[in-house]
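Here is a short tour of a helix and a group of aromatic rings. Have the viewer open while you read.

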Amino acid sequence: MQQIITPARRLDGQIRLPGDKSVSHRYGILAAIAEGSSTIHHYSTGADCQSTLGCMRALGVSITRREDGAVLIEGRGLNGLQAPAGDLDAGNSGSTIRMLSGVLAAQPFTSRIAGDESLSRRPMDRIMKPLSLMGADVEAVDGRFPPLTIHGRALKAMRYEPPMASAQVKTCVLMAGLYAEGETAVLEKVGTRDHTELALREFGAEIVSSGGVITVKGPARLQGRELSVPGDLSSAAFFLVAAAIVPGSKLLIQGVGLNPSRSALLDWLVAAGVNLRVSNLAEVSGELVGDLLVTGGDVKGGIIRGAASAALIDEIPVLSVLGAVSRDGLVVKDARELRVKETDRIATVADNLQRMGVRVEVYEDGFRVPGKQKFRAARVDSFGDHRIAMAFAVAGLAAEGETAVLNAGAASVSFPEFYATLRQITV
Ligand code: S3P
């Protein structure tokens, strides 16, 4: 599927976005192993989060979607999952395979979890190592790639310091820790998104987070809950950048998740000269939520490095677009993790920028996009990566002429309504 993007005169209106992908995965898994039923409002419509629900169904969990969109999950308790009849399918979703593996490692059965071509190239040794230290037996292709065959075992609690900043790895270990007798701790040098910690607290687990050490006590008893997922800040990022770089724009995005461990994006945008206002702050299911008002104008650009690279990792593709039209450009360093996302995002960002006539200098761990450049209309490609599709659709709004986004359907991995929403606010 290809999408044609025509230049925008401005963006105008108010929108609400689908539920946060990160939060939805966690609620979907935890509700399935909780006792009693859970009702999850505003669960992500993205294919990735449907993959998580599909896996939980294959493990014997009853999940239905109400007409108002709420997802009802009949929890089976910590030890109530059933051996799946066939392979579990994580689709394109790194979160599904990495987080769920922590649960599968503790089951009294063997399961195999696989994914699509892109997922089959993503490294899983980062979760295999801690799970094996806890006593699990996990086999992978070439020792690190999906499909994973997970022979469940009685797990041992442990303290673990992941070598990379990764909320997925942290979550995998904490999920496994729910089953292990005693305290399982994850030590983080660089803090990552804390949705798992907040969700575990909502479901009633004993979880403490202090000074970079997150400790969960097992075996845990989780209780089914009624929860509401905030709008996805990473999806909002595409519209924030779009409105910021098209002069005369004014866009209100309501009900967005503003968890402080995710909202470095807002501080970065403000420092980059974006006119952004936050209002209506509230707490929903333990998560901070608010409205974002952004207006278009001149932007300065900036640098992303160190801890900011981890905090902004999903937003860097669309920030590259902002960088190109900004006054000073964008430098990204310390972001080697971009190379092992749904695509090698350093390569796919650079390829598409160049197709649109934008200069970019590539480093092993990032890139530099000089400022004051213009996007030329071109045929860009998502390469099957949702965030690349959406980032370059945004570039198309600021281009001279029509931009074709090839393999544009990839956006539905996190945001099926993306192009319709974009059309709704483009003048
Ligand atoms: C996520 C963590 C990040 C992020 C991904 C979602 C999560 O991945 O890129 O989109 O929900 O925990 P890493 O843990 O690999 O950094």
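In this predicted model, helix H12 is largely enclosed by the rest of the structure, because 12 of its 12 residues are buried. Among them are Arg 387, Met 390, Phe 392 and Leu 397. The length of H12 also checks out: at 1.5 Å a residue, residues 386–397 should span 16 Å, and the end C-alpha atoms are 17 Å apart, which agrees.

Now for the rings. A pair of aromatic rings is described by the distance of the centres and the angle of the planes.

| Pair | Centre to centre | Angle between planes | Geometry |
|---|---|---|---|
| Phe 239 and Phe 418 | 5.6 Å | 45 degrees | tilted |
| Phe 418 and Tyr 419 | 5.0 Å | 75 degrees | edge-to-face |

Which parts of the chain does the pair of Phe 239 and Phe 418 link? Phe 239 belongs to helix H7 (residues 233–245) and Phe 418 to helix H13 (residues 418–425), so the pair joins distant parts of the chain, 179 residues apart.

Buried means under 20% relative accessible area. Phe 239, at 0%, is therefore buried, Phe 418 is buried at 0% as well, and Tyr 419 counts as buried at 6%. One aromatic cluster is formed by Phe 238, Phe 239, Phe 415, Phe 418 and Tyr 419.

A ring also meets a charge: the charged end of Lys 333 sits over the ring of Tyr 363, 4.6 Å from its centre.

Key
Residues are numbered from 1 along each chain as its sequence is written. This is a predicted model: local features need pLDDT of at least 70, side-chain atom pairs count only at pLDDT 80 or more; totals for chains, interfaces and linings use all residues. Side-chain values use heavy atoms; hydrogens and water are left out. Helices (H or I, at least four residues) and strands (E, at least two) are DSSP runs, numbered from the N terminus. The expected span of a helix is 1.5 Å times one less than its number of residues. Buried means under 20% relative accessible area, exposed over 50%, partly exposed in between (1.4 Å probe, protein chains only). Rings of Phe, Tyr and Trp (its six-membered ring) pair if their centres lie within 6.5 Å; planes under 30 degrees apart count as stacked, over 60 as edge-to-face and the rest as tilted. A charge sits over a ring if NZ of Lys or CZ of Arg is within 6 Å of the ring centre and within 35 degrees of the ring normal.
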